[in-house]
Amino acid sequence: MNETLDVILNRKSSREFLPEGIPEATKADIIGATLRAPTAGNLMLYSIIEVDDQAAKDTLAVSCDHQPFIARAPWVLLFLADYQRWFDYFELCDTGDFARRAGLPVRSPNEGDLMLACCDALIAAQTAVIAAESCGLGSCYIGDIMENYETHRDLFKLPRYTFPICLLCLGYPTAAQEARQPTSRFDREFIVFENSYRRLGESEFDKMFEREQARAFKNSEELNGAANVGQLIYRRKFAAGFTMEMNRSVKAILKQWKDG
Ligand SMILES: Cc1cc2nc3c(=O)[nH]c(=O)nc-3n(C[C@H](O)[C@H](O)[C@H](O)COP(=O)(O)O)c2cc1C
């Protein structure tokens, strides 16, 4: 085991932080490492907004599916997939005129560009997570930043070709967070395939969810009418209000990319 693997294997999300701030030098180290993340075509198709305004954090704690710990996080970073910067530069460089003369398509950022920019932003975010962990900081992703697009667009002045893909809460974890057991993962046989995709059959699903099923059935309150883990997760995640809102909100972002 090397130190890097040690950091990765021992990481867990932290949702409660000590009130102490993070030294500027540590923040600079983490941001420096983040900017070294791999990036498609070396274009850096992302931006990071440091949110240190308490009122903005308070808004996020509500708009991101009511998660109060966001307001208490000492360091909050918003990762945007960002094609706006490059498109602004293209316009500044008269690329439209150039493309017409050169017989190239005249176009604006589209779905593929957005997906690539999301890859860049997420890879940068995960680099920040690991860098932070190596400096003794805990972190937690907030995927719910994809909800309530209109609120976040206005709050952070997001232009058309940006997409708020994830939020990171960071800080020194409390003792209780440090003591928490790491979460489990599905066994690799269900996740890692050789050469081609393999759909799982009923007996494999039974095996995959054996542990979770046994745990859930110990607590019938948790089941609340669900007959199995599939029904439990369908209700808790897939058909939950926050997921419905996320899908509405993402549609609104995509519409803005397409129609302005
Ligand atoms: C894309 C993404 C979105 C997430 N969103 C949230 C969130 O909104 N709130 C939260 O408390 N945790 C969130 N998490 C953290 C996961 O719940 C956590 O990673 C998972 O339960 C595994 O636990 P671990 O990170 O401690 O190993 C998110 C993680 C990812 C990767």
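Guide: The accessible surface of the chain comes to about 15600 Å², and 55% of that belongs to carbon and sulfur atoms. Such areas come from the Shrake-Rupley method with a 1.4 Å probe, and for residues only the protein chains shown count as cover. This is a predicted model, in which local features need pLDDT of at least 70, side-chain atom pairs count only at pLDDT 80 or more, and totals for chains, interfaces and linings use all residues. Residues are numbered from 1 along each chain as its sequence is written, and side-chain values use heavy atoms, leaving out hydrogens and water.

Visitor: Why is Q256 called buried?

Guide: Buried means under 20% relative accessible area, exposed over 50%, and partly exposed in between (1.4 Å probe, protein chains only). Q256 has 13%, so Q256 is buried.

Visitor: What does Q256 touch?

Guide: Not counting residues up to four places away in sequence, Q256 touches Y149, R153, L158, P159 and R160. A contact means heavy atoms within 4.5 Å.

Visitor: How much of the chain is buried?

Guide: Buried residues make up 37% of the 260 residues.

Visitor: Why is D52 called exposed?

Guide: The relative accessible area of D52 is 67%, so with a cut-off of over 50% D52 counts as exposed. D52 is found in the loop between strand 1 (46-50) and helix 3 (54-63). Helices (H or I, at least four residues) and strands (E, at least two) are DSSP runs, numbered from the N terminus.
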